[in-house]
Amino acid sequence: ISGSWRVTKESFMDWIPSNIVSNLKFRAGYGETGNQQISNNWYSSQLNIYNLPAYLSNPDLKWETMKQTNLGVDLSLFNRLNVTFDWYKKTSSDFLFKMPLPDYLTGGYSQYGGIEPPYSNLGSMENRGFEITLGYETKAENFNWSTNFVFTRYKNELLSLVNGMDNITEYVNINGYQPMVATNTLIGNPIGTFWGLKYEGLYRTASDLTNAPSIYGKAPILGDVKYADVNGDGKIDDLDKTIIGNPHPDFTFGFTNTFRYKSWDLSIFIQGSVGNDVMNLTKRNGTQNAMMYQNQLVDALDYWSPTNPNSSQPRLINSISHPNIMISDRYVEKGDYARIQNLTLGYTLPSDFASKMNLSKFRIYFTAQNLYTLTNYSGYDPEIGSFNQNVLLTGIDNGRYPSPRTFIFGVNLDF
């Protein structure tokens with residue numbers, strides 16, 4: 001259900017000239033929709049290629065329900081400036097997700113002989129935020145300029161989980177096959193927050209090792225990573241893991257400008273994101289210094305040694321499961337970026353020239369996509385998205401292929 005009130009149609013607005021305020025409208029809406037988007041037949045038990053049960057069934061599974069409220073304002077000023085403001089609140093109840101059962105109950109993934117957990121209605125979460133759009137246009141005899149700026153901010157929060165659960169952990173495969181917890185979704189927090197140890201530097205000198213806590217049952221040595229003893233029990237283990245990053249941005253933006261001068265036209269679209277973190281597991285894999293027969297990043301050369309105590313990387317190790325390369329905020333970076341997503345330059349040939357070719361319009365143009373990205377992220381591309389389309393693994397760069405830069409030359413012909 002939705003409704004609107006165009007205030008500028010009311011008689012009490014007649015005192016304001018229409019060339020100053022041409023439109024003022026308030027909007028409101030509320031709706032409920034259902035969601036059944038899970039893989040086909042995953043509510044039932046199936047057999048794998050070995051004729052063994054592959055999935056646990058869930059006959060109690062039902063649709064997810066999304067309830068959304070929208071409030072908005074449209075304002076037009078001076079016949080040139082358009083302002084739109086939208087606020088929304090969307091609550092998803094009985095949301096659909098795989099029940100996070102431990103391997104000792106399921107036996108692991110079906111390809112390894114286990115029985116994968118069923119999809120369930122796990123709980124509820126809320127998204128709320130707002131979007132502001134500013135549009136402006138000016139026209140002259142030979143020159144036109146139009147611009148559009150969009151600013152978006154949202155907040156995500158997990159409200160509840162079923163059966164006394166208080167979190168959902170998600171794994172990624174590191175080194176190609178070793179599963180490790182990368183995110184932990186906790187009640188009262190955004191979904192998919194990064195989970196790991198807190199990095200405090202390296203043990204560089206003998207004095208650093210005095211009263212140093214054990215790391216997973218072993219005493220650290222020079223060149224090892226120093227982690228924070230979060231719970232203060234005098235040792236470093238899984239109980240010291242905590243939230244180390246948030247993949248959700250503070251805000252996103254898009255900025256479009258279109259210029260026309262006589263027969264020339266130029267369009268530039270810039271978009272970006274500010275405030276989100278990225279977990280750079282590609283960097284982890286490229287600097288682990290554990291399998292020296294593999295290619296590594298250049299940064300891997302700056303490893304700790306007695307002759308290089310001020311290195312950026314820990315010492316050489318001989319194990320791909322060593323605590324030095326466990327997931328920590330050492331691999332979490334700021335994902336802020338601004339990108340020239342599209343730039344198009346065009347020229348429309350004179351009409352008399354086009355008419356000689358039996359054309360009403362002849363335009364040539366050049367387009368560059370993903371032209372330039374301004375960012376401090378050390379990986380290939382800060383615009384990560386969700387790993388394997390899993391929203392709880394958003395912002396995980398585990399070898400994502402970067403967006404290509406594309407150049408296009410073309411013509412538009414109107415007959």
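# Reading an open sheet, strand by strand

Reply: Start with one residue. Leu-413 is found in strand 24. Keep in mind that this is a predicted model.

Me: Is Leu-413 buried, exposed or partly exposed, and how do I tell?

Reply: Look at the relative accessible area. Buried means under 20%, exposed means over 50%, and partly exposed lies in between. Leu-413 has a relative accessible area of 39%, so Leu-413 is partly exposed.

Me: Which surface patch includes Leu-413?

Reply: A nonpolar one of about 750 Å². Its members are Ile-364, Phe-366, Phe-407, Phe-409, Val-411, Leu-413 and Phe-415. Strand 22 (361-375) and strand 24 are the elements that give two or more residues to the nonpolar patch. Strand 24 gives the most, with 4 residues.

Me: What holds strands together in a sheet?

Reply: Strands of a sheet pair through backbone hydrogen bonds, and the pairing is either parallel or antiparallel. Now the case here. An open sheet is formed by 11 strands, in the order 1-2-3-4-7-8-17-18-21-22-24. The pairing in this sheet is antiparallel.

Me: How many bridges pair strand 7 with strand 8?

Reply: Strand 7 (residues 123-139) and strand 8 (residues 143-161) pair over 17 bridges, in the antiparallel sense. A hairpin of 3 residues joins strand 7 to strand 8. To check the pairing on screen, find Lys-139, which stands opposite Asn-144 in strand 8.

Me: How many aromatic pairs does the structure hold?

Reply: The structure holds 10 aromatic pairs. Read a pair by two values: the distance between ring centres and the angle between ring planes. Planes under 30 degrees apart count as stacked, and over 60 as edge-to-face. For Phe-85 and Phe-130, the ring centres are 5.9 Å apart and the planes stand at 25°, so the pair is stacked. This pair links distant parts of the chain: Phe-85 is in strand 4 (residues 81-93) and Phe-130 is in strand 7, 45 residues apart. Phe-85 is partly exposed at 33% relative accessibility, and Phe-130 is partly exposed at 23%.

Me: Which kind of aromatic pair do Phe-149 and Phe-255 form, stacked or edge-to-face?

Reply: Edge-to-face. The distance is 5.7 Å centre to centre, with 75° between the planes. This pair also links distant parts of the chain: Phe-149 in strand 8 and Phe-255 in strand 17 are 106 residues apart. Phe-149 counts as partly exposed, at 29% relative accessibility. Phe-255 is partly exposed too, at 31%.

Me: Which residues do ring pairs link into a cluster?

Reply: Phe-85, Phe-130, Phe-151 and Phe-251.

Me: Which way do side chains point along a strand?

Reply: In a regular strand the side chains alternate between the two faces of the sheet.

Me: Which strands are joined to strand 19, and do they run parallel or antiparallel?

Reply: Strand 20 (residues 332-334) runs antiparallel to strand 19, with 3 bridges between them. Val-278 has Glu-333 in strand 20 as its bridge partner. Strand 23 (residues 396-397) runs parallel to strand 19, with 2 bridges. Asn-280 has Asp-397 in strand 23 as its bridge partner.

Me: How far apart are Ser-355 and Phe-415, in sequence and in space?

Reply: They are 60 residues apart in sequence and 9.4 Å apart in space, C-alpha to C-alpha. Ser-355 is in helix 3 (residues 351-356). Ser-355 is partly exposed, with a relative accessible area of 44%. Phe-415 belongs to the nonpolar patch.

Technical notes
Residues are numbered from 1 along each chain as its sequence is written. This is a predicted model: local features need pLDDT of at least 70, side-chain atom pairs count only at pLDDT 80 or more; totals for chains, interfaces and linings use all residues. Side-chain values use heavy atoms; hydrogens and water are left out. Two strands pair if DSSP finds at least two bridges between them. Patches are made of residues with over 30% relative accessible area and no salt bridge: like charges are joined within 9 Å, nonpolar side chains (Val, Leu, Ile, Met, Phe, Trp, Tyr) within 5 Å. Accessible areas come from the Shrake-Rupley method with a 1.4 Å probe; for residues, only the protein chains shown count as cover. A salt bridge is a side-chain nitrogen of Lys or Arg within 4 Å of a carboxyl oxygen of Asp or Glu. Buried means under 20% relative accessible area, exposed over 50%, partly exposed in between (1.4 Å probe, protein chains only). Rings of Phe, Tyr and Trp (its six-membered ring) pair if their centres lie within 6.5 Å; planes under 30 degrees apart count as stacked, over 60 as edge-to-face and the rest as tilted.
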